[in-house]
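Let's take a walk through this structure together, one neighbourhood at a time. Keep the picture open and follow along.

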Amino acid sequence: MTPDYRRSVVNSAAEAKIEFQRLVGKFALFFAFLYFLMILGGVITVVGGDSVPWPTVLGTVLAGFAFVPAVVDAVNLHRTSDQQRLAMLWRRCGLFAAAGVAVMIGTAVAVDRIYS
């Protein structure tokens, strides 16, 4: 193995790691978009004259507390190339996005059980 080959393998591994970390940010943005659609559905329901169940409103607000920092971290993930900052941001972004998704799913299950 030549030194150039080893260097290219190390660079490829580092680039793959960065891309994986940024992929977490892309998933966070995708789930935040789904959250936005949930908000939009609630607004359309209210404008149409129907009421939105209180667990849905509560779950939407709680999910927002998780998705806002996830989106901020996702944007910062794509703006930086510092390894230490990336290591901190992708974990935090993934954690907040997972918490937001869990709250959205919990809200859907709770509303379904209460009103079915």
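## An aromatic pair

Start with Phe20, which has a relative accessibility of 44% and so counts as partly exposed. Keep in mind as you look around that this is a predicted model.

If you search the whole structure for aromatic pairs, you get three of them. One of these joins Phe20 and Trp90: the ring centres sit 5.4 Å apart and the planes make an angle of 70°, so this pair is edge-to-face. That label follows because planes over 60 degrees apart count as edge-to-face. And where do the two partners, Phe20 and Trp90, lie? Phe20 belongs to helix H1 (residues 3-47) and Trp90 to helix H3, so the pair ties together parts that are 70 residues apart in sequence. Trp90, for its part, has 21% relative accessibility and so counts as partly exposed. Why that label? Because buried means under 20% and exposed means over 50%, with partly exposed in between.

## Further along helix H1

Now slide along to Phe30, another residue of helix H1. Its relative accessible area is 44%, so Phe30 is partly exposed. Phe30 and Phe20 are ten residues apart along the chain, and their C-alpha atoms are separated by 15 Å.

## How H2 and H3 pack

Before we look at the next two helices, here's a handy idea: two packed helices are described by the angle between their axes and the distance between the axes. So what are those values for helix H2 and helix H3? H2 covers residues 54-79 and H3 covers residues 83-115; their axes come within 8 Å and cross at roughly 165°. Angles over 145 degrees count as roughly antiparallel, and H2 and H3 are therefore roughly antiparallel to each other.

There's a handedness to this too: the crossing of H2 and H3 is left-handed. Sort the residues in the contact of H2 with H3 by class and you find 23 nonpolar, five polar and three charged ones.

Let's zoom in on Thr107, which is part of helix H3. Is Thr107 buried or exposed? Thr107 has a relative accessible area of 10%, so it is buried. Setting aside neighbours within four places in sequence, Thr107 is in contact with Pro55, Thr56 and Gly59.

Val57 is worth a look as well, and you'll find it in helix H2. In sequence, Val57 and Thr107 are 50 residues apart, while in space their C-alpha atoms are 9.1 Å apart. Val57 has 43% relative accessibility, so this residue counts as partly exposed.

Last stop: Ala102, which lies in helix H3. With a relative accessibility of 46%, Ala102 counts as partly exposed. Between Ala102 and Ala66 there are 9.9 Å from C-alpha to C-alpha, though the two are 36 residues apart along the chain.

Terms used:
Residues are numbered from 1 along each chain as its sequence is written. This is a predicted model: local features need pLDDT of at least 70, side-chain atom pairs count only at pLDDT 80 or more; totals for chains, interfaces and linings use all residues. Side-chain values use heavy atoms; hydrogens and water are left out. Axes are lines fitted to C-alpha atoms, for helices over the stretch in contact, and angles run from 0 to 180 degrees between N-to-C directions. Helices (H or I, at least four residues) and strands (E, at least two) are DSSP runs, numbered from the N terminus. Angles under 35 degrees count as roughly parallel, over 145 as roughly antiparallel, 65 to 115 as roughly perpendicular and the rest as oblique. A crossing is left-handed if the near helix is turned anticlockwise from the far one by less than a right angle, and right-handed if clockwise. Ala, Val, Leu, Ile, Met, Phe, Trp, Tyr, Cys and Pro count as nonpolar, Asp, Glu, Lys and Arg as charged, and the others, Gly among them, as polar. Buried means under 20% relative accessible area, exposed over 50%, partly exposed in between (1.4 Å probe, protein chains only). Contact means heavy atoms within 4.5 Å. Rings of Phe, Tyr and Trp (its six-membered ring) pair if their centres lie within 6.5 Å; planes under 30 degrees apart count as stacked, over 60 as edge-to-face and the rest as tilted.
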